[in-house]
Amino acid sequence: MPFQCELNLDCLLSVGSFQLFMNTIRYYPLAGLAFLLIYFWRKDYFQKFRIQSKDPVRSKIVFEIRQSAVTLFVFSLIGFSVFVLSRVGILKRNLYGDPDMYGGIPYLIFSFVLVTIWHETWFYWAHRIMHHRKIYSWVHLTHHKSVNPSPLAAYNFSFTEAIFEALYLPIFVQIVPMYFPLLIFHTFYAMILNIYFHSGIELYPKGFTDHPVFKWINTSTHHNLHHQKFNGNYSLYFNFWDRIMGTNFPYYEESFEEVVRKKESFVLNKNTIIQ
Ligand SMILES: [Zn+2]
Ligand SMILES: [Zn+2]
């Protein structure tokens with residue numbers, strides 16, 4: 001595995017290219033595919049799932065694609081720097097390649113749950129701080145240029161915000177040792193969910209946000225509303241921090257139901273026409 005080599009030119013080249021390749025090769029094709037499916041190839045099919053009826057603006061999409069490259073570069077740079085710092089002894093070497101270390105499956109599950117909770121907490125509070133008026137314009141404004149985001153807005157961050165978005169992971173790994181493939185999987189599902197939250201479509205069913213269990217999970221509508229209205233709905237995977245801190249938009253559940261109702265009436269109208 002690329003993180004296991006020692007500090008020499010070959011090793012640095014392989015770690016650097018792994019970082020760039022892994023980040024870039026999974027993001028652009030997946031976010032691009034989601035974009036093409038929803039807004040071009042299967043536009044008619046996905047119309048009923050759309051949260052906002054207008055298409056994302058072309059110039060904004062070009063901006064999102066360009067700015068995502070900045071984010072991918074920052075993510076790779078941080079991964080590379082963490083590797084170097086761990087080799088010169090400044091950071092701990094806490095990534096491991098043997099799944100049976102630390103007791104196997106129970107520890108893998110434990111570290112996976114913990115990194116998810118930590119990411120959620122880091123994201124919520126960092127996001128709230130980034131909305132402070134003294135910081136907002138030079139850190140977070142770039143991300144909010146997309147009022148009607150496309151899947152390619154998932155990594156639309158300023159250089160500074162990209163650093164904050166990535167920093168939670170090296171901090172976590174300094175405290176909790178992680179199985180390297182599990183860490184890659186964590187970053188992968190975080191990216192997939194992020195693309196979904198910016199896709200502009202809602203796939204969850206009616207009643208999701210009122211359900212005693214599912215209401216704690218975030219929907220695509222939740223983050224889409226954040227892009228439309230700015231000061232509320234800050235959380236990431238779960239609707240935990242927003243609920244207990246009272247920062248959900250008061251009309252969140254209502255807006256979600258409206259999006260789902262639109263989908264149902266779309267299907268109903270289509271069936272009526274066919275009959
Ligand atoms: Zn966003
Ligand atoms: Zn925000």
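Author: Gladly, and let us start with a term: two residues are in contact if their C-beta atoms, placed from the backbone, lie within 7 Å. Helices (H or I, at least four residues) and strands (E, at least two) are DSSP runs, numbered from the N terminus. This is a predicted model, in which local features need pLDDT of at least 70 and side-chain atom pairs count only at pLDDT 80 or more, while totals for chains, interfaces and linings use all residues. Residues are numbered from 1 along each chain as its sequence is written, chains are lettered from A, and ligands are numbered from 1 in the order in which they are written.

Reader: Which residues of α1 and α7 meet?

Author: From α1 come R26, Y27, L30, A31 and A34, and they meet F188, M191 and I195 of α7. By class this contact has 7 nonpolar, no polar and 1 charged residues. Here Ala, Val, Leu, Ile, Met, Phe, Trp, Tyr, Cys and Pro count as nonpolar, Asp, Glu, Lys and Arg as charged, and the others, Gly among them, as polar. As for the spacing of such residues, an α-helix has 3.6 residues a turn, so residues three or four places apart point the same way.

Reader: At what angle do α1 and α7 pack?

Author: Axes are lines fitted to C-alpha atoms, for helices over the stretch in contact, and angles run from 0 to 180 degrees between N-to-C directions. Helix α1 (residues 9-41) and helix α7 (residues 180-197) pack at about 30°, with their axes 10 Å apart. The two are therefore roughly parallel; angles under 35 degrees count as roughly parallel, over 145 as roughly antiparallel, 65 to 115 as roughly perpendicular and the rest as oblique. Their crossing is right-handed, where a crossing is left-handed if the near helix is turned anticlockwise from the far one by less than a right angle, and right-handed if clockwise.

Reader: And how is α4 set against α6?

Author: The angle between helix α4 (residues 105-130) and helix α6 (residues 159-175) is about 150°, and their axes are 10 Å apart. That makes α4 roughly antiparallel to α6. V115, W118, H119, W122, A126 and M130 of α4 make the contact with E161, F164, Y168 and F172 of α6. These residues divide into 8 nonpolar, 1 polar and 1 charged.

Reader: Where does α3 come in, and at what angle do α3 and α6 cross?

Author: Helix α3 (residues 58-87) crosses α6 at roughly 40°, and their axes come within 9 Å. The pair is therefore oblique, and α3 passes α6 in a right-handed crossing. On the α3 side the contact is made by V70, T71, V74, F75, I78 and V82, and on the α6 side by F159, A162, I163, A166 and P170. By class, that gives 10 nonpolar, 1 polar and no charged residues.

Reader: Now for burial: is L7 buried or exposed?

Author: A residue is buried if 20 or more other C-beta atoms lie within 10 Å of its own, exposed if 12 or fewer, and partly exposed in between; these C-beta atoms too are placed from the backbone. L7, in the segment before α1, is exposed, because 12 other C-beta atoms lie within 10 Å. In α8, 8 of the 10 residues are buried, among them H222, H223 and L225. For the protein chain, 29% of the 275 residues count as buried.
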